[in-house]
Amino acid sequence: MAALLRPLITICGTTGVGKSKLAVELALALAQKFESGTSRHGYRGARIINADAMQVYAGMDVITNKISVEEMRGVEHLLMSFKRPGEQYIITEWVKDAIHAIDETYRMGQVPIVVGGTSYWIQHLLFPNRLVSLESSSAYKALQGAPPTSGSLTQSLASLPPELLDLFHTLPTEPPPAADQPELASAMHQLLSALDPPIGQRLHWRDTRKTLRQLNIIKESGRLSSEILAEQSLATLRPRYRTLLFWLYARPDILKPRLDLRVDQMVEKGLLDEIRILRAQTSADTGSVPSNEGESGKEHVNNDYTLGIYQSIGYKEFHDYLSAPAHNDAVFQEATQSMKTATRRYTNRQNMWIRNKLLPAARAANAASRSEDGCDIVPTYVLDASELGSSWDTNVRDMAQDITDAFLNVVELPNPLFLSSTARDLLVDEPKNTIPPRKLICEICTHDDERPVMIDEGAHWKAHIRTRHHRKRVVKLQVQRLKDPHARESTVKNERSDTLEDSFYEISTLYS
Ligand SMILES: [Zn+2]
């Protein structure tokens, strides 16, 4: 599978960490190697494809943090589409344009390098079909009460006992407390287990909140969560390209002063002039009176900060300052400060996305490709950009170049965890959305079928069968069975002999 896909390099990371700088360095090194005849893979160089939602606005170079011509050092940097201030580059459109630009790059004998802080875009470029499921779930909402019912759900509904079918149509609006209404809680769990067994197995009957939520998902979407999850994980497993993913990372304490300084520099470079132009354009577009700082009176600019370039950090923050009749230093300082805070919050969100969404998807894709042909299809590296200067050259530039060469030559890659302690910390971290373990019913401890004793499989189960309570029950049942071979049928229902035998085995090994 991996060998059939074309190679793509992506650089993600927060604002202000040096993604474009690294992309330019990689592109120049590739071109240099080709010219000197030392590249084995034969790529002539690289083109950089923008994956930053803000950089697509024409002009506005300061507020959108566009890379300057000098910084590009002759490397082609594709922004693809240019948008007007209030327009959005919607994700499906961007993915389509990016695929087109990538194809064109291959035709030119070059390597595409996708670079940007909008990891959401990168994720949907790398992992197709995820978007389809997103779109269809919103399509369900649009259908309003007429969800397409999946075949397996229709079947399960048809074979439900009447009381459970009744319950399906009359679900409580609030999750009932299991302690007060064990019958209802247990019936809801039985209903879910009948409709969607893989999900039912992973929820405890006492967890009425999650059980009810799952039942409502089934009712509203007409589909089973297990089906949706299976589809999504299949979609995740197949990336569009063989992708080398670099996460350029700087420690927050080190990045903070750098980002603060950058805000000050943006102001020096003419940020406020750009915002003034934007405000004037908007007034002209909406037909309202252009605001004039010299005049007093009501502010007529009424912009939607959630759309287009108006979302960019700085626009909203300087609104009050620019709306004031005259320069006010206190208001100016306050605006600068809130722009710094907003930038920092934004970088936190960027890192969260990479950590909680992009990396788990890459991990899932790698797990699948490893089982197929033994290698990662989305090798992922954290590069520590905390230190600048000569440290950048060794920790970032040279490392990235060596890994890129190995990746393009399809030779063995270094272990991502051995690159740095930062890499270990960020890559080893437990993924947040792990699937809960299956719940096993302990037939021995269950007195009442309506309230089964459920324990997580694995370590919890092993601990449970060693508990005094469980062992006592086993002995009690054993004695009962000796006294009267038919007694256990009346005391323990649905008893699985393997469970009992396992427990005896566990006890005998404990005492031996
Ligand atoms: Zn037990």
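How many disulfides does the structure hold? The structure holds zero disulfides, a disulfide being defined as a pair of cysteine sulfur atoms within 2.5 Å.

The legends below describe a predicted model, in which local features need pLDDT of at least 70 and side-chain atom pairs count only at pLDDT 80 or more, whereas totals for chains, interfaces and linings use all residues. Residues are numbered from 1 along each chain as its sequence is written, and side-chain values use heavy atoms, with hydrogens and water left out.

**View 1**
For reference, the ideal angle at a metal with four tetrahedral donors is 109.5 degrees.

**View 1. Cysteine burial.**
Cys442 counts as buried because its relative accessibility is 0%, where buried means under 20% relative accessible area, exposed over 50% and partly exposed in between, with a 1.4 Å probe and protein chains only. Cys445 has a relative accessibility of 3% and therefore counts as buried. Cys12, with a relative accessibility of 0%, is also counted as buried.

**View 2. Aromatic pairs.**
A search of the whole structure finds seven aromatic pairs, where rings of Phe, Tyr and Trp (its six-membered ring) pair if their centres lie within 6.5 Å, and planes under 30 degrees apart count as stacked, over 60 as edge-to-face and the rest as tilted. One of them joins Trp247 and Tyr249 in an edge-to-face arrangement, with 5.5 Å centre to centre and 80° between the planes. Trp247 is buried at 1% relative accessibility, and Tyr249 is buried at 11%. Phe318 and Phe332 form a tilted pair, with 6.1 Å centre to centre and 50° between the planes. This pair links distant parts of the chain, with Phe318 in the loop between α13 (271-286) and α14 (319-323) and Phe332 in helix α15 (residues 329-373), 14 residues apart; helices (H or I, at least four residues) are DSSP runs, numbered from the N terminus. Phe318 counts as buried at 0% relative accessibility, and Phe332 counts as buried at 16%. Through ring pairs, Phe318, Tyr321 and Phe332 are linked into a cluster.

**View 3. Lysine charges over aromatic rings.**
The charged end of Lys219 sits over the ring of Phe168, at 5.8 Å from the ring centre, the criterion being that NZ of Lys or CZ of Arg is within 6 Å of the ring centre and within 35 degrees of the ring normal. The charged end of Lys357 sits over the ring of Trp353, at 5.2 Å from the ring centre.

**View 4. Salt bridges.**
The count comes to 17 salt bridges, each being a side-chain nitrogen of Lys or Arg within 4 Å of a carboxyl oxygen of Asp or Glu. Lys256 forms a salt bridge with Asp260, and the closest N and O atoms are 3.1 Å apart; because Lys256 and Asp260 are four residues apart in helix α12 (residues 252-268), they are separated by about one helical turn. Lys256 is partly exposed, with a relative accessible area of 35%, whereas Asp260 is buried, with a relative accessible area of 14%. Arg397 and Asp398 meet through their side chains in a salt bridge of 2.9 Å, N to O; Asp398 is partly exposed at 27% relative accessible area, and Arg397 is partly exposed at 27% relative accessibility. Arg451 forms a salt bridge with Asp448, in which the closest N and O atoms are 3.7 Å apart; Arg451 is partly exposed at 40%, and Asp448 is partly exposed at 32%. Arg47, Glu76 and Glu104 are linked in a network of salt bridges.

**View 5. Helix α4.**
Helix α4 (residues 119-126) is mostly covered, with seven of its eight residues buried. The buried residues in α4 are Ser119, Trp121, Ile122, Gln123, His124, Leu125 and Leu126.

Conventions. Helix = DSSP H or I, 4+ residues; strand = E, 2+ residues; numbered from the N terminus.
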